[in-house]
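Student: I would like to go through this model term by term. Please set each value against the cut-off that gives it its name.

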Amino acid sequence: MESPDTAPASGHTARPRSDLSAITTWWRGLGGDGFLVLPPPRRSRWTQSDGHGDAAELVARHKLDDSVSFAYWHWQSHRSAFDRSGALTGELLLHWGGDHATVAAGLGEGPAGFRVADGGPGHAFRLDRVTARDEAGLPDPEDPDGVRQFLAALAEPVDRGAALLRYRELSEAEAGWLHDRLRDPLDLTAAARFVAALERRDALTRDETQRLLTAVRRDHAQGVTQWAAWRELLQALLRHDHEEAWEIVAGLGSGASAVLLQVPSERGLAVVRACALAGDRASVHAWFALHRSLREPDAVTAAADLATELIASRVPENCLHGLYDALVWAVTADWRRETGADHRAGLSYGALSAVRFATDQRLPHALRLLAAHAARDQSDRVREEALKSDGSVLVGTDPAEVLAAVDRFEAARDALLTGTGPDLTASETSLGKLWHRYRTLTDADVRWLREQVAAPGTSLQGLGFCLELLLAHGIATADDVEALLPRRLKDLTKAYRTTYTEWRHPLVTLTCLALDLDHPATAKLAAWWNGARPLWKNELRLLTHLGAPDEAKAAELWDFVISPAHDVGQLMTWVLVRARLDGEHPLLVADRLLGTPGISPHVLHRVLIGVCDPEQPLWHYAVDPRSRSWWRRAVEVADHPGLSPQARALGLRTAREHCLVRHPDQVKPAPTEAERAAALAWIEEHAGD
């Protein structure tokens with residue numbers, strides 16, 4: 001097919017250049033003075049990590065200074081910004097690395113007809129078309145880019161960090177412009193965006209709501225939820241007391257909970273309560289909020305009442321997690337409304353709430369235990385905040401009471417937490433934040449991990465988390481194999497993507513354990529890995545070579561790592577295999593690979609930091625700059641006397657780029673000021689390295 005930016009070979013009128021062509025021409029003219037732009041992306045540059053990997057390879061290939069700053073966009077951003085003809089239909093996110101000011105100066109204002117907006121040091125730059133507005137600030141309805149930008153501005157909350165999002169009021173001209181877009185003839189596809197802008201402000205009229213419902217039912221025989229703005233429509237129906245709303249709610253079940261929360265009613269409360277008691281975690285938040293609004297305003301009393309019902313109904317444990325999150329969210333929102341505190345102060349108050357709730361006897365033990373897990377890494381920060389002599393962000397609190405709450409929690413912490421663990425159904429990101437806790441294991445940790453492996457309800461994610469820790473620490477046994485085979489083999493052979501985690505697919509880990517133990521199940525597992533189906537396992541098969549390694553397995557892994565194939569842990573596996581075979585620390589093995597042709601410097605850099613502790617290697621496919629695990633190991637590599645200067649420099653560079661140093665608000669849970677000061681002091685000590 002002919003390229004959209006290529007003029008036809010014949011004819012009298014040349015086709016105008018596409019937006020993509022104009023932007024690419026501008027892009028290729030950038031660079032210089034310590035600033036590098038990567039070529040426009042192909043599909044292999046799918047994520048920000050891929051972009052940083054491409055930058056590292058480009059820097060190494062051209063022997064550039066490691067301190068060079070760079071900018072790029074990746075394929076996901078490309079796909080969302082351009083249509084198939086190369087027209088810009090949305091903002092193009094420009095990601096970057098290095099020094100923010102250098103990148104901002106290098107990008108400048110953008111190509112003619114476009115503009116580059118600076119999102120700030122913690123965010124991407126945004127490239128978009130320049131559009132016109134009239135005297136009232138309204139776009140031409142026939143200008144799709146102007147309309148898109150106008151609606152995007154209306155969709156921006158007054159305070160993105162607020163507990164309840166609010167949007168600025170519409171001017172009379174803006175409201176009239178939006179209502180005009182909903183007049184007959186009604187284009188439902190286009191109308192969805194205008195409906196959202198109005199109903200965020202409770203501004204859809206009763207007549208508009210009825211006409212929209214009629215049109216949606218006419219055009220979407222499969223149901224109202226097939227329309228993009230169905231949530232806003234349902235909210236307007238509830239707000240205007242349309243009986244048809246309850247027919248939609250009945251069909252949606254738990255899917256209506258978030259909308260019912262916006263329009264409190266006893267009828268809505270009954271619906272979300274039934275969904276929550278049936279085990280729907282997402283409905284628990286709505287139930288709690290509506291219960292407070294209509295029945296019991298005191299948050300702790302309300303949480304205790306609902307917890308009693310949830311426990312009696314034997315709902316999944318994650319429903320109690322949802323209730324605890326709703327409780328902390330609510331008391332923090334109340335405090336922020338009373339004090340006018342900002343989002344960052346709210347995080348500190350949320351930490352204080354966790355400390356208080358861990359010993360609050362009004363709450364059942366299950367909720368106090370969840371509070372104790374949340375407070376575990378935050379009590380030091382709460383104590384530090386209370387001791388500030390120049391004013392704490394915890395406005396309206398008594399420092400003596402706060403310190404007493406911390407003391408009570410710390411006295412009760414071990415009794416509460418011993419023999420327990422995190423919510424294994426939480427997001428991989430949430431679990432990754434506490435991975436550093438398990439670099440060493442207590443006897444109670446080991447018992448808990450084994451219990452989760454043996455529990456029939458533990459998901460693949462939970463099995464991966466627990467089994468990885470047991471095997472890496474050298475304490476997994478044949479009992480752990482027997483706990484999973486053959487009872488869980490059907491589950492274990494399902495796909496589970498672990499691209500963003502520190503643990504491997506649990507069947508990889510289980511196979512390695514079986515191989516190390518020479519377990520009778522080894523032959524059955526090997527036959528499955530060597531089978532033709534399913535295809536997803538093929539990229540993971542070589543990771544099982546870490547079990548009972550030998551030279552043949554090491555050679556097969558090496559052939560892979562020097563090939564152009566995509567690495568999902570093969571280089572990490574080869575380094576650990578080589579270290580086991582040679583009886584040396586894997587850091588030394590990784591160090592010797594630096595500069596080896598055919599090996600991606602970006603992947604090797606990750607492996608070098610990741611194998612710092614062979615009893616808990618970090619399998620994440622890229623350095624996570626928000627992770628305490630990566631910070632701690634980057635420092636250890638930089639300070640390791642047995643490593644080459646190049647390896648130590650990589651550790652130092654990783655530490656310098658860590659959020660603990662550059663963007664501490666992105667480290668979760670937030671670091672104490674003492675922790676941050678120690679990190680900055682370490683960086684200063686190495687300023688001349």
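Student: In what order do the 5 strands of the open sheet lie, and what kind of pairing do they have?

Tutor: The order is S1-S2-S3-S5-S4, and the pairing is mixed. Strands here are DSSP runs of E with at least two residues, helices are H or I runs of at least four, and both are numbered from the N terminus. Two strands pair if DSSP finds at least two bridges between them. The model is predicted, so local features need pLDDT of at least 70 and side-chain atom pairs count only at pLDDT 80 or more, while totals for chains, interfaces and linings use all residues. Residues are numbered from 1 along each chain as its sequence is written, and side-chain values use heavy atoms, with hydrogens and water left out.

Student: What makes S1 and S4 edge strands?

Tutor: Strand S1 (35–37) and strand S4 (114–117) each pair on one side only. Across the sheet, neighbouring strands are turned by 25° against each other on average, direction ignored.

Student: How do you know that S3 pairs with S2 and with S5?

Tutor: S2 and S3 share 3 bridges in the antiparallel sense, and 3 bridges also join S3 to strand S5 (residues 125–129), again antiparallel. Both counts meet the requirement of at least two bridges. Ala 71 has Trp 96 in S3 as its bridge partner. Leu 94 is bridged to Phe 125 in S5, and Leu 92 stands opposite Leu 127 in S5.

Student: What makes the pair of Trp 27 and Trp 73 edge-to-face?

Tutor: Rings of Phe, Tyr and Trp (its six-membered ring) pair if their centres lie within 6.5 Å; planes under 30 degrees apart count as stacked, over 60 as edge-to-face and the rest as tilted. The search of the whole structure finds 15 aromatic pairs. For Trp 27 and Trp 73 the centres are 5.1 Å apart and the planes stand at 70°, so the pair is edge-to-face. Trp 27 belongs to helix H1 (residues 19–28) and Trp 73 to the loop between strand S2 (69–72) and helix H3 (75–81), so the pair ties together parts that are 46 residues apart in sequence. Both Trp 27 and Trp 73 are buried.

Student: Why does the pair of Phe 150 and Trp 177 get its label, and which helices hold the two rings?

Tutor: The centres are 5.2 Å apart and the planes are at 75°, so this pair is edge-to-face. Phe 150 is in helix H5 (residues 144–154) and Trp 177 in helix H6 (residues 172–180), so parts 27 residues apart in sequence are tied together. The relative accessible area of Phe 150 is 2%, so this residue is buried; Trp 177, at 7%, is buried as well.

Student: How do you know that the charged end of Arg 181 sits over the ring of Trp 177?

Tutor: The term requires NZ of Lys or CZ of Arg within 6 Å of the ring centre and within 35 degrees of the ring normal. The charged end of Arg 181 is 4.7 Å from the centre of the Trp 177 ring. Likewise, the charged end of Arg 200 sits over the ring of Tyr 167, 5.4 Å from its centre.

Student: Why are H13 and H14 called oblique to each other?

Tutor: Angles under 35 degrees count as roughly parallel, over 145 as roughly antiparallel, 65 to 115 as roughly perpendicular and the rest as oblique. The axes of helix H13 (residues 281–294) and helix H14 (residues 299–312) come within 10 Å and cross at roughly 130°. H13 and H14 are therefore oblique to each other.

Student: What makes H8 oblique to H9?

Tutor: Helix H8 (residues 206–219) and helix H9 (residues 230–239) pack at about 135°, with their axes 10 Å apart. That angle makes H8 oblique to H9.

Student: Is Lys 63 buried or exposed, and what about Asp 241?

Tutor: Lys 63 has a relative accessible area of 75%, so this residue is exposed. Asp 241, at 61%, is exposed too. Lys 63 has a positive phi of about 55° although it is not a glycine, and phi of Asp 241 is near 60°.

Notes:
Buried means under 20% relative accessible area, exposed over 50%, partly exposed in between (1.4 Å probe, protein chains only). Axes are lines fitted to C-alpha atoms, for helices over the stretch in contact, and angles run from 0 to 180 degrees between N-to-C directions.
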